[in-house]
Amino acid sequence: MKPVEILVVGGGPAGLCAAIQAAEMGSKVLVVDRNRALGGQLIKQTHMFFGSEKQYASTRGFDIAQILLDKIDQMENIEVMTNTTVLGLFEDGVATLEKDGKYIKVKPKAIVVGTGASEKTLAFPNNDLPGIYGAGAVQTLMNEYGIKPGNKVLMIGAGNIGLIVSYQLMQAGVQVEAIVEASPTIGGYLVHASKIRRMGVPIYTKYSIKEAIGTEAVEKAVIWQLDDKWQGISGTEKELEVDIICISVGLSPLSELLWQAGCEMKYLPELSGYVPARDENLQTSVKGIFVAGDVSGVEEASSAMVEGYLAGMSAAAYLGYSLYNTKELREDLLQQLNSLRHGPVGERINKGIASILIQSEAAASTEA
Amino acid sequence: MLESTGIPTQQDIDGVFPSEERMAKGPVVIVECYQNIPCNPCYTACNTGAIKEFVDINDLPNVDHSLCNGCSLCVSNCPGLAIMVIDITFSEEEALIKLPYEFLPLPTVNQVVKGLDRGGQPVCDARVVKVINSKALDKTPIVSIAVEKQYAKAVRNIRMGE
């Protein structure tokens, strides 16, 4: 059994920031990530981030990853294990890991879960044909491995990921035939949508895919208009010659470990699925287990980073670590989250969080 | 409608353009940010005080065109690529438009490209006047194009290879 002070599960924006903050306060941190390198989704993000300077606005995602990784490299009290999957969090506080076929047990005093989210899929005829990808897979192929996935693509979903990946596909020389969006309005940031529109790519709202056509792989996609009950309207079909269909219809929190650990969970559409109850310091209903980022509700990477710092701070404070200015830092982080969530998009997030917030004495714990 | 097509309406566009009087004085910023999202790098980048500090980071940018000198620092700093600079005084017949352009290959000086509108449709020819791709621009090069003045408000992008 390996003794560990703080175990951070997931080395994406939330986990990295949690590790940095907790280590800065003096605690020993183990960051575990199942991928071959840390950075999570940040390493595939070639666009500049929104937000303010404090969340590295105007810096590209992969550059933000590098900034965070450089900090981690310099901190002697952070240990990193990549290619390592956390298999379980048990009631006696033991966490089990798998690395290179070996089974490892660790006993952390506190845990920050920053496992992120996974892509939702979409049911339609022939959706198992080769050439049909999740948007994340396309991004991994292009931006991590430098592989062009195909030549002509239909993007399903005009949320931020669908819009951003469409733009990246065009940058890679792939023709985007169309973007379809089942809602009456574009879900992602309109600046992203405008960027793609002025390249001549149509965005069809109230449209979805009817079916994919092909024998060995995708050859065509049929899209059609939806009525007010989200049902396809016969006669509105358009046939597109594409070899790639890219699905980007939202994310759901990867919360299995939290379920297993016995955290109180609730289904909240505002936060995109089952998410843990948590207090203001991001501690779940299980003492010593903290959450940050998409696993606690799907949102932007900028808020995931701020949540990461907050969860890392809370976990370190839970173990008795503090800085001379912990209180001010905490106030600043809460203020950052507040301002990021102040707009129309954040309203929904705030509503979701309000309905699962644990009001407890723990709110004062970082002030100890 | 911008929300369903991604194309701003003429009313949207008119709302963010400075007065004819200001346009006639030389290069000026056009900030096509129409949605309340948490973002403020345009303010952080601005050295002349033309883009005001955000009271709420979700506010739309508040631009005082009279203070803008068209320096273009904000153009490559806007994460939404929503900013351009127009100089209607560039020449007798032509206006100069400075656009963020993140595609390869980059156009070359004096190359004639198509000027595209906000829906991606070609509206006129555009002559490339300058291409800046310095380290400070961090992979968002700025392409300056000259177009006939009547198209200055319509052109928002370029396409090569025709």
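How much area do chain A and chain B bury between them? In this model, chain A and chain B bury about 3,100 Å², and 55% of that lies on carbon and sulfur atoms. Buried area here is the accessible area (1.4 Å probe) that two parts lose on being put together, summed over both.

The model is a predicted one: local features need pLDDT of at least 70, side-chain atom pairs count only at pLDDT 80 or more, and totals for chains, interfaces and linings use all residues. Residues are numbered from 1 along each chain as its sequence is written, chains are lettered from A and ligands numbered from 1 in the order in which they are written, and side-chain values use heavy atoms, with hydrogens and water left out.

Let us turn to the interface. Contact, meaning heavy atoms within 4.5 Å, involves 35 residues of chain A and 38 residues of chain B. The rule finds two salt bridges across this interface, each being a side-chain nitrogen of Lys or Arg within 4 Å of a carboxyl oxygen of Asp or Glu. The side chains of A:Arg60 and B:Asp138 form a salt bridge, at 3.9 Å from N to O.

Which classes of residue make up the side of chain A that touches chain B? That side has 17 nonpolar, twelve polar and six charged residues. In this scheme Ala, Val, Leu, Ile, Met, Phe, Trp, Tyr, Cys and Pro count as nonpolar, Asp, Glu, Lys and Arg as charged, and the others, Gly among them, as polar.
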